[in-house]
Amino acid sequence: MASVENPDEWDAAARQVEDWLRAVGVGSQQRCLELTLTILKEAKEAQGRQEPTAIAMETAFRKFETWAKSVFPEAAAERAALQALVALHGTQPNRRQLATVLEKACPSDFSEQLSKFRIDASPEIRLSKMTARKMKYGPIEAIAQETWHRFAWAPLFQALVIWTAIFLFLLRWLAPKAPL
């Protein structure tokens with residue numbers, strides 16, 4: 001019933017999940033949409049009192065942790081997710097392999113390829129479950145942009161040239177004459 005009451009929040013959650021899946025590197029558009037719908041369905045079932053975007057992103061990240069755990073079974077879930085992200089971006093898998101991201105278990109050949117690109121030397125890093133958004137500064141940004149685009153540089157350079165000429169003239173005129 002919550003989905004009928006606030007469809008805009010679920011639309012925002014769907015966009016957020018889809019952006020996150022693309023950032024992770026999920027294969028095709030069709031696969032990304034399938035996963036988004038699956039994640040939203042699971043999130044709606046487990047919603048409770050949480051915001052749709054928060055529960056949808058938690059569901060997506062939990063699915064990714066489960067998938068990453070199939071690639072790196074000896075690591076903790078969050079650490080496995082971090083290692084899987086690094087390996088996905090480092091190995092640059094083909095489209096067929098990317099289509100298997102977030103399957104129940106990673107295929108053995110793809111898992112082996114990702115396992116070879118393992119990095120354990122980093123400190124513990126916490127991953128954000130939200131995608132980055134462009135920051136808007138409101139009217140201050142608009143004023144700064146307008147000022148920057150309308151600012152005339154020619155008068156500034158003219159004044160600089162004039163004052164430099166006056167300074168050099170006064171320097172030459174007031175400087176004591178050196179004996180020859």
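In which helix is the place of Glu-65? Glu-65 sits in helix α4. This is a predicted model; local features need pLDDT of at least 70, side-chain atom pairs count only at pLDDT 80 or more, and totals for chains, interfaces and linings use all residues. Residues are numbered from 1 along each chain as its sequence is written, and side-chain values use heavy atoms, with hydrogens and water left out.

**Figure 1. Overview of the chain.** The secondary structure comprises nine helices and zero strands (DSSP runs numbered from the N terminus; helices are H or I of at least four residues, strands E of at least two). Of the 180 residues, 32% are buried (buried, under 20% relative accessible area; exposed, over 50%; partly exposed, in between; 1.4 Å probe, protein chains only).

**Figure 2. Glu-65 in helix α4.** Glu-65 counts as buried because its relative accessible area is 18%. Neighbours within four places in sequence aside, Glu-65 is in contact with Ala-77, Glu-78 and Ala-81 (contact, heavy atoms within 4.5 Å).

**Figure 3. Lys-63 in helix α4, residues 52-71.** The Lys-63 side chain makes a polar contact with the side chain of Glu-42, at 3.5 Å (a pair of N or O atoms within 3.5 Å; within protein, one must be able to donate a hydrogen and the other to accept it, and residues adjacent in sequence count only if both atoms are side-chain atoms). With neighbours within four places in sequence left aside, Lys-63 is in contact with Thr-38, Ile-39, Glu-42 and Leu-102.

**Figure 4. Arg-133 in the loop between α7 (108-116) and α8.** Arg-133 has 66% relative accessibility, so it counts as exposed. The C-alpha atoms of Arg-133 and Gln-16 are 9.8 Å apart, although 117 residues separate the two along the chain.

**Figure 5. Helix α8, residues 139-150.** From first C-alpha to last, the twelve residues reach 16 Å, close to the 16 Å expected at 1.5 Å a residue (expected span, 1.5 Å times one less than the number of residues).

**Figure 6. Ile-166 in helix α9, residues 154-174.** Ile-166 counts as partly exposed because its relative accessibility is 36%.
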